[in-house]
Amino acid sequence: MAPNSIHWFRKGLRLHDNPALREAVRGADTVRCVYFLDPWFAGSSNVGVSRWRFLLQCLEDLDANLRKLNSRLFVIRGQPANVFPRLFKEWKISRLTFEYDSEPYGKERDAAIKKLAMEAGVEVIVKISHTLYDLDRIIELNGGQPPLTYKRFQTLISRLDPPEMPVETLSDTLMGRCVTPISEDHGDKYGVPSLEELGFDTEGLPSAVWPGGETKALTRIERHLERKAWVANFERPRMNANSLLASPTGLSPYLRFGCLSCRLFYFKLTDLYRKVKKNSSPPLSLYGQLLWREFFYTAATNNPRFDKMEGNPICVRIPWDKNPEALAKWAEGKTGFPWIDAIMTQLRQEGWIHHLARHAVACFLTRGDLWISWEEGMKVFEELLLDADWSVNAGSWMWLSCSSFFQQFFHCYCPVGFGRRTDPNGDFIRRYLPVLRGFPAKYIYDPWNAPESVQAAAKCIIGVHYPKPMVHHAEASRLNIERMKQIYQQLSRYRGLGLLASVPSTNGNGNGGMIAYSPGEQQQSGTNNNTNNSHCRNHFVQMTSGGSSSGTKTVSCLLSHSGFAVLCLTTCFSCACSLTCDGRQVGCDHPWSLVSGGNPWCGPSSRLMVLLARFLISMASLIQRRLFQRGHRNQPTADQTF
Amino acid sequence: QKKKKKKKTKQDTITDCDWARLPQELLLHIFQYLPLLDRAYASQVCRGWNQAFHMPELWRCFEFELNQPASSYLKATHPDLIKQIIKRHSNHLQYVSFKVDSSTESAEAACDILSQLVNCSLKTLGLISTARPSFMEVPKSHFISALTVVFVNSKSLSSLKIDDTPVDDPSLKVLVANNSDTLKLLKMSSCPHVSPAGILCVADQCHGLRELALNYHLLSDELLLALSSERHVHLEHLRIDVVSENPGQHFHTIKKSSWDAMVRHSPKFNLVMYFFLYEDEFGPFFNDEIPVTHLYFGRSVSKEVLGRVGLHCPRLVELVVCANGLRPLDEELIRIAKHCTQLSAIGLGECEVSCSAFVEFVKMCGRRLSQLSIMEEVLIPDHKYSLDEIHWEVSKHLGRVWFPDMMPTW
């Protein structure tokens with residue numbers, strides 16, 4: 001008997017290049033395409049109205065395209081785990097297909113559904129099509145750990161076979177004898193809901209700058225390629241005032257929801273390049289946008305705490321400030337810096353901002369000015385940004401706040417100068433902050449410096465009609481750069497005066513580090529040196545030494561997982577190097593500045609002592625770890641609708 | 001209790017030795033490898049281990065972490081532990097630092113602890129605000145009286161880090177009166193209540209001072225001359241922050257002769273300067289030779305100023321430029337490569353350099369460039385090199401693999 005299939009849509013909202021969907025119809029009697037939507041979850045979720053609208057438009061488009069094949073989309077109200085068993089029975093299902101989801105929550109959810117399906121005797125087929133590569137393969141190639149620098153990632157990619165070709169678009173021919181049984185009341189039961197039905201107030205909602213759906217995505221990609229062909233040299237486009245605005249050739253939200261296949265994009269780019277450049281083979285930089293996305297998916301796939309600072313092994317612990325008022329000012333575009341406020345307004349209104357604009361606001365919130373945790377910014381983006389994806393969003397925030405991925409932190413985007421360089425005339429500001437329209441270009445980025453007469457002529461008094469700047473940028477960046485330096489110098493054990501050398505060099509394959517760690521030091525990093533950042537230190541050690549210190553790793557993992565701040569480490573004030581209690585660490589040139597010769601612990605360390613100490617640590621930490629695990633098991637289980 | 005059980009089984013199965021008979025010296029040696037919390041667990045095992053836990057040697061260094069749940073994500077040092085330390089170990093403390101979050105309560109708590117440290121003799125003290133400068137929010141009198149407790153009682157303070165605090169001239173006088181023979185390091189960037197005369201008094205009296213950090217408005221010719229007087233030891237680091245309070249601020253100049261005196265006295269000293277100025281405020285800087293070794297420009301700096309840097313900073317080791325206008329920095333970089341023969345580290349953020357000028361720069365500096373951090377956007381492809389070619393060319397001259405820094409396209 002030919003099977004009855006369900007194809008479960010989550011991301012991958014498309015009929016083109018959808019291998020799992022293709023499997024669903026292969027030799028099947030019936031196929032039903034379902035999408036789960038929990039109306040209760042919709043209202044309470046952290047996702048803003050623009051993103052919901054985009055999703056609903058994608059679903060409507062999907063439904064419209066399925067109708068052309070005499071099929072329909074079944075939007076099911078509820079949670080998959082609750083509803084699937086009923087559907088399996090009701091529709092006599094014997095095959096379930098879906099696209100592979102690489103994110104930790106998705107993997108957990110899918111594992112549960114797989115189990116459920118197996119118990120019901122349903123065959124499950126999963127296909128990778130949201131990413132170009134099999135991420136596990138990349139990790140395997142890197143020795144079991146995800147690559148933490150983009151360069152390393154590129155090296156690994158170049159050793160892999162090119163991505164698989166896109167599969168054929170679902171068509172009448174492919175459908176063959178396979179049909180979709182549709183009931184009379186399909187619209188009532190399974191129709192795509194409206195925003196109002198989901199409880200959103202749509203009055204005064206401006207029309208979508210980014211209309212969702214596969215059809216739109218396919219028109220856009222053609223235009224995108226036309227423009228690329230027009231530019232022809234394929235070089236990085238120079239930033240200008242125009243690039244800040246939503247472009248009809250932008251693709252990121254469509255890739256995010258899978259309205260556009262990344263593989264289709266990849267191969268269209270390749271073809272175009274070959275055509276224009278006469279068959280020379282394209283450089284990796286051609287696929288930049290796609291590869292960055294891939295990089296963050298790879299980094300996140302096995303790390304359920306990728307979106308957190310605490311308990312995230314790749315995230316540097318930075319003592320961010322908790323400051324809800326300042327955060328609200330940033331999120332609502334009331335910082336008093338027109339450049340920042342205009343970007344945040346654009347984000348709120350349209351759901352998309354240019355990537356350099358993302359850098360600007362992210363830097364401002366975190367290490368640049370406000371010193372507020374990147375997690376807070378990430379949550380705001382998750383609500384507002386159409387292309388915000390769990391992995392890419394968290395990864396980019398960690399990157400921009402210099403919390404991971406070995407970033408140089410010296411470069412802070414100036415909330416005045418950066419905008420002025422990009423758009424000297426200030427048209428972008430005037431578009432999104434009409435209140436500042438009257439200011440001349442000279443003052444539009446720092447209106448608080450305008451003489452009163454200019455403010456009066458512009459009909460906008462700073463402090464009355466538009467806020468004064470919420471921070472003194474020069475002072476804030478002085479403080480913040482100093483703090484980043486201290487944190488990184490502790491991590492890297494760099495003892496000199498240089499700013500650049502505090503971040504280990506990650507050039508080449510990651511082994512070209514300027515900081516050489518002796519094996520002895522590696523051992524110590526596990527035993528005595530506390531530290532809050534010991535897990536990160538370990539990554540640094542691995543990075544810089546090529547890393548094979550399994551013993552150290554276990555110990556410091558235990559330490560970091562124990563979740564307790566340990567107090568035996570202090571900082572040498574002259575160079576911020578870490579000095580440990582035993583004084584052996586005093587290799588810096590400032591013996592007077594901390595533990596000095598009078599310390600009785602100086603002296604050759606005995607191997608036995610180290611071993612004994614490690615034994616004690618593991619004893620203590622085992623207990624702590626168990627406690628810790630118990631405390632942290634209650635992770636959110638709510639199904640991430642999208 | 002769990003731990004004890006575990007110990008027992010280990011004892012039975014693996015060894016026959018009696019853990020309680022481990023000599024104290026050995027135990028101490030082991031304990032020093034353990035973080036405090038693990039030591040605390042171990043101290044519950046038996047009386048001997050408990051005694052070891054309280055040995056003075058284990059309490060010389062301490063870092064107080066004072067955070068409020070409302071303003072920090074990090075854990076704080078437990079209040080009971082703080083009480084214990086003040087009661088039992090305050091006379092053992094020698095190397096103490098306080099890390100406080102952005103709340104005034106935390107800074108006040110730090111001051112309260114400080115004022116209880118009457119019977120201890122500190123060698124180092126650091127007051128570190130981890131988020132915002134919260135010591136500035138504490139009533140000045142409260143802060144000063146807490147700090148003077150330490151100054152008066154310590155007598156042998158050698159390092160003091162009090163950046164972003166309301167320390168003032170009279171309290172520095174107390175510091176000098178009690179610790180002038182021992183003071184070697186003083187970091188006090190952004191201490192608005194200190195005057196040039198106040199810091200001059202420190203430099204005059206503390207002849208062992210080797211490291212000093214302060215803001216530009218405290219820097220004077222007199223201070224440099226005092227630091228380079230015959231009785232004074234060689235200075236090792238001088239860190240100057242040049243911060244603009246409001247646009248168009250005017251800055252004084254330092255005479256070339258004062259810098260010359262400094263270099264004659266301490267030929268190896270490092271001068272680290274951080275600039276946070278508007279472009280039009282650089283007038284008084286880099287017109288004469290200055291012995292700066294590490295230069296950081298936190299805001300946009302003009303081509304012209306960078307040109308002057310190339311002419312007047314022969315000792316330059318590290319240069320970091322966060323931003324510059326839209327005109328390429330080609331000639332400026334070449335000039336810097338030519339005149340700054342010590343330069344070994346450079347970082348460029350929002351700047352522009354043509355690829356061929358950059359290659360020329362790297363070629364001139366060669367392998368001494370151990371740090372080369374250039375944002376990808378900085379490099380403008382030209383007729384000679386494309387972006388794909390440049391990393392080969394640069395790697396060749398550096399003798400190691402090099403790539404420009406990238407930001408995610410997101």
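## The open sheet of chain A

In chain A, five strands form an open sheet in the order β3-β2-β1-β4-β5, with parallel pairing. Two strands pair if DSSP finds at least two bridges between them. The edges are taken by β3 (73-77) and β5 (123-127) of chain A, each with a single partner strand, so one side of each has no neighbour in the sheet. On average, neighbouring strands of this sheet are turned by 25° against each other, direction ignored.

Within the sheet, strand β1 (residues 4-9) of chain A runs parallel to strand β2 (residues 30-37) of chain A, and six bridges join them. Opposite Trp8(A) stands Val34(A) in β2(A).

## Basis of the model

This is a predicted model, in which local features need pLDDT of at least 70 and side-chain atom pairs count only at pLDDT 80 or more, while totals for chains, interfaces and linings use all residues. Residues are numbered from 1 along each chain as its sequence is written, chains are lettered from A and ligands numbered from 1 in the order in which they are written, and side-chain values use heavy atoms, with hydrogens and water left out.

Helices (H or I, at least four residues) and strands (E, at least two) are DSSP runs, numbered from the N terminus. Axes are lines fitted to C-alpha atoms, for helices over the stretch in contact, and angles run from 0 to 180 degrees between N-to-C directions.

## Chain A as a whole

Chain A contains 26 helices and seven strands. Of its 642 residues, 61% are buried, where buried means under 20% relative accessible area (1.4 Å probe, protein chains only). Among contacts (heavy atoms within 4.5 Å) in chain A with a separation of 6 or more, 76% are between residues 24 or more positions apart.

## Helices α4 and α5 of chain A

Helix α4 (residues 80-90) of chain A lies across β1, β2, β3 and β4 (95-99) of chain A, running at about 160° to β1(A). The axes of α4(A) and helix α5 (residues 104-119) of chain A come within 10 Å and cross at roughly 20°. These two helices are therefore roughly parallel to each other, a term for angles under 35 degrees.

In this contact, Pro80(A), Ala81(A), Phe84(A), Pro85(A) and Phe88(A) of α4(A) meet Ile113(A), Leu116(A) and Ala117(A) of α5(A). The contact has eight nonpolar, no polar and no charged residues; Ala, Val, Leu, Ile, Met, Phe, Trp, Tyr, Cys and Pro count as nonpolar, Asp, Glu, Lys and Arg as charged, and the others, Gly among them, as polar.

## Helices α15 and α16 of chain A

Helix α15 (residues 338-350) and helix α16 (residues 355-368) of chain A pack at an angle of about 115°, with their axes 10 Å apart. Trp339(A), Ile340(A), Ile343(A) and Met344(A) in α15(A) meet Ala357(A), Ala360(A), Val361(A) and Phe364(A) in α16(A). Their contact comprises eight nonpolar, no polar and no charged residues.

## A buried strand in chain B

Seven of the seven residues of strand β8 (residues 270-276) of chain B are buried, so β8(B) is largely enclosed by the rest of the structure. Asn270(B), Val272(B), Tyr274(B) and Phe276(B) point one way from β8(B), and Leu271(B), Met273(B) and Phe275(B) point the other way.

Strand β7 (residues 237-243) of chain B runs parallel to β8(B), joined by seven bridges. Asn270(B) in β8(B) is the bridge partner of His237(B).

Technical notes
Buried means under 20% relative accessible area, exposed over 50%, partly exposed in between (1.4 Å probe, protein chains only). Angles under 35 degrees count as roughly parallel, over 145 as roughly antiparallel, 65 to 115 as roughly perpendicular and the rest as oblique.
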